[in-house]
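Here's a quick briefing on a protein with a ligand in it.

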Amino acid sequence: MNKTIYLFTKQVKKYMITLILFGPPGSGKGTQAINLVKKYGLLHISTGDLFRYEMKNDTPLGLEAKNYIKKGELVPDSVTIGMLKNKMDANQDVKGYILDGFPRTVPQAEALDELLASQGNEVTALVALDVADEILIERLQGRAATSGRADDADVDIIKNRIEVYKTQTSPVADFYAQTNKTSYVDGVGSIEEISNRLFDAIDAHID
Ligand code: ADP
């Protein structure tokens with residue numbers, strides 16, 4: 001009897017995979033997310049993309065987010081968590097999620113854990129791309145020409161985003177390390193090499 005319940009619980013948990021694709025701005029999360037989607041068949045949710053969509057459409061949420069994004073600061077947790085929750089609620093019929101750009105603070109991580117727990121799920125793994133600051137700055141300045149993103153065009157804003165990552169976001173990797181869910185991956189190399197490193201790191205967390 002107990003064994004049946006245990007197996008059932010395990011199956012429910014295994015059903016949803018939630019991967020957190022983590023790393024500083026410019027570390028290649030968006031690029032790698034495409035390959036992770038292909039391999040694992042999960043829904044990609046990028047909070048940066050969601051904010052840009054809202055800003056493009058001049059929605060109230062977009063207008064609020066813009067005040068923070070243009071300075072390279074984080075949008076307040078309550079706004080971001082609400083937006084993420086709406087996106088997840090609207091897509092319950094998926095195998096799981098690849099979260100890109102979320103959680104970016106420890107309170108966001110706690111909110112995510114609560115949300116998943118209410119569905120009988122939990123975070124599967126956090127995979128963090130490791131890239132040196134100088135390379136990040138070069139990549140983001142290079143990307144500005146094609147991304148058209150104001151927050152990529154100004155080196156002071158880029159530096160602020162990297163600083164915000166170090167102070168407010170990197171503690172999220174430590175938070176999930178407490179439950180052995182965090183893996184670091186070298187984020188320098190060819191796109192394919194980095195994808196293969198991510199696959200190996202993720203597969204180690206999926207039984
Ligand atoms: P990048 O990783 O290249 O900095 P993103 O596209 O992920 O860019 O995010 C762009 C901006 O959107 C961030 O600098 C931040 O202002 C805002 N943002 C995105 N995700 C979050 C989040 N989870 N919490 C707060 N702000 C966020």
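What follows covers the ligand site, one arginine there, and some backbone features.

Keep in mind that this is a predicted model, where local features need pLDDT of at least 70, side-chain atom pairs count only at pLDDT 80 or more, and totals for chains, interfaces and linings use all residues. Residues are numbered from 1 along each chain as its sequence is written, and side-chain values use heavy atoms, with hydrogens and water left out.

**Where the ligand sits**

- The ligand is in the largest pocket. A pocket here is an open set of points on a 1 Å grid over the protein atoms alone where a 1.4 Å probe fits, with protein on both sides within 12 Å along at least five of seven lines; a molecule sits in it if more than half of its atoms lie within 2 Å of its grid points.
- There are 19 residues around the ligand, and T47, R52, E73, G101 and Q108 come nearest; to be counted, a residue needs a heavy atom within 4 Å of the ligand.
- By type, that shell splits into eight charged residues (Asp, Glu, Lys and Arg), six nonpolar (Ala, Val, Leu, Ile, Met, Phe, Trp, Tyr, Cys and Pro) and five polar (the others, Gly among them).
- Helix α3 (residues 47-56) gives the largest share of the shell, four residues; helices are DSSP runs (H or I, at least four residues) and strands are E runs of at least two, numbered from the N terminus.

**Polar groups facing the ligand**

- In the side chain of Q108, an N or O atom is 2.9 Å from a nitrogen atom of the ligand.
- R143 has a polar side-chain atom 3.1 Å from a ligand oxygen, and R149 likewise has one 3.1 Å from an oxygen atom of the ligand.
- The ligand on its own exposes 550 Å², of which the protein buries 96% (Shrake-Rupley areas, 1.4 Å probe).

**More on R149**

- R149 is in the loop between α7 (133-147) and α8 (150-153).
- R149 counts as buried because its relative accessibility is 18% (buried is under 20%, exposed over 50%, protein chains only).
- Its side chain also makes a polar contact with the D151 side chain at 3.0 Å (N or O atoms within 3.5 Å, one able to donate a hydrogen and the other to accept it).

- F102 and P103 are joined by a cis peptide bond, with omega about -5 degrees; P103 is in the loop between β3 (96-100) and α6 (106-118).
- D58, in the loop between α3 and α4 (60-69), is a non-glycine residue with a positive phi, near 50 degrees.

Methods:
1 Å grid on protein atoms, 1.4 Å probe; cavity = no way out; pocket = protein on both sides within 12 Å on 5 of 7 lines; lining within 4 Å. Buried < 20%, exposed > 50% of the residue type's maximum accessible area, 1.4 Å probe, protein only.
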